[in-house]
Amino acid sequence: MKKIFKFLLRRDVLIAILVVIAFLFILLSSGFSLVSSILIDASIFTIITLSLNLETGLTGVPQFGRVIAIIAGAFAVGAIPGRIMALFMHLPAGAEYANDAVNYKVVPVINKLLESNPALSILVLIISLVIAAIFGAIMGWITSRPAIRLKEAYLGISLLAIGDFLMWVGHNWEPLVGGTTAVFVPDPLRAFGVNRMVMALIMTVVLAIISYIIVEKLNRSPFGRTLRMHRDSDLAMSVYGKDKVKVRTRSLVIGAALAAVAGGAYVIYTGTCTAISFTRLNWTFWPWAYMMLGGIGSNTGVVLGVLALAVARSMIVIYRGSVFGFLMNWGIDPIWLEYTLLGAVIIIIILFLPQGLVPEKTETIYLLKG
């Protein structure tokens, strides 16, 4: 009995219980569709934040360009699978595919084929995610080049700039993903009819679980210890003869591939790829907030941080009008409460829990005498 109480009083268990209670409350008050929507968003951001934790929390790279790999995955899924299918179906598949006047006619034809063939839909889904991972890995290797030479502050700003650059290229170059008008993405989940939302939920949750297993396995492996050595001491890396460049590159490539899969899954779920929606606020700063809240370097903390903050954001959005409507009398519009209150939460966490809700576990090394 004492062990059970001790287990229940653990911080991570308490947070998990509170998150489950919050989900049950939303389920009873607003229904399953809202819960599934929150879980899909949380799963996608879990993948992204785990990838960020691998690069920043474990390796020590100031990854302020998380959106870069996400854009790579989203643009790859928005631009390539639809064109391949259009080519096989003798439909416009060149630069004109991304033109809105053509795209809105071509993609429904592709979707009709996918609706009638679940096996083909699953194949398209898998190929789309693999393409996203490949392009993400390539982008991770490209961004690892400045990461080799630049110091932390310069590297962070450089990655921030590259992310914005890619977003504006996509927004202004129509043949890529439709420019300002975006493109529709072939929908492999449509084959499941009215259960599309459930399948989207299963897809994103499974991807999040696989990502957690991959990152946790890496964390517990000799490679994970090398990453932490890189983060904690360059001198120790040199003394033990570890190749700093190779370690950074491998970490950035793996992390970018994971983040790109999340970007690809997101555009498949939404059915469109809109370049301007991939802002650094949503796809870089929020993952940083999730990671800081959960605990930098702690994969379990990251998952709980994403879930807790995702639920908090949703509850603020749902109830800000009814609960905080009185603020209008003081000239404060509740519509901004999501950012204001969450900003306050993050400040409180930084002040009183600087290591996050679930801090990274430290390993104790015992030296034998003699």
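Which element supplies the largest share of the lining of the largest cavity?

Reply: The largest share comes from α7, which contributes 4 residues to the lining of the largest cavity. Before going further, please keep in mind that this is a predicted model, in which local features need pLDDT of at least 70 and side-chain atom pairs count only at pLDDT 80 or more, while totals for chains, interfaces and linings use all residues. Residues are numbered from 1 along each chain as its sequence is written, and side-chain values use heavy atoms, with hydrogens and water left out.

A cavity here is a set of points, on a 1 Å grid over the protein atoms alone, where a 1.4 Å probe fits but cannot get out, whereas a pocket is an open set with protein on both sides within 12 Å along at least five of seven lines; a residue belongs to a lining if it has an atom within 4 Å of a point. Grid points are joined across faces, edges and corners, and a volume is the space filled by probe spheres set on those points. By this rule there is 1 cavity of 30 Å³ or more, and the volume of the largest cavity is about 50 Å³. Its lining is made of 13 residues, with Q63, R66, A69, T143 and A256 nearest the centre. Two or more of the lining residues come from each of α4, α7 (118-149) and α13 (244-270), where helices (H or I, at least four residues) and strands (E, at least two) are DSSP runs numbered from the N terminus. Sorted by class, the lining holds 6 nonpolar, 5 polar and 2 charged residues; Ala, Val, Leu, Ile, Met, Phe, Trp, Tyr, Cys and Pro count as nonpolar, Asp, Glu, Lys and Arg as charged, and the others, Gly among them, as polar.

Rings of Phe, Tyr and Trp (its six-membered ring) pair if their centres lie within 6.5 Å, and the planes count as stacked when under 30 degrees apart, as edge-to-face when over 60 and as tilted for the rest. Across the whole structure there are 8 aromatic pairs. One of them joins F75 and F278 edge-to-face, at 6.3 Å centre to centre and with 85° between the planes. Because F75 lies in α4 (residues 66-79) and F278 in the loop between β2 (272-273) and α14, this pair ties together parts that are 203 residues apart in sequence. F75 is buried at 8% relative accessible area, and F278 is buried at 1%, since buried means under 20% relative accessible area, exposed over 50% and partly exposed in between (1.4 Å probe, protein chains only). F278 also pairs with W283, and this pair is tilted because the ring centres are 5.5 Å apart with the planes at 35°. W283, with a relative accessibility of 4%, is buried. The aromatic cluster as one group consists of F45, F75, Y266, F278, W283, W286 and Y290.

The largest pocket has about 450 Å³ of space, and its lining of 17 residues has E216, N219, R220, T300 and K361 closest to the centre. Its largest share, 4 residues, comes from α10, and by class this lining has 3 nonpolar, 6 polar and 8 charged residues.
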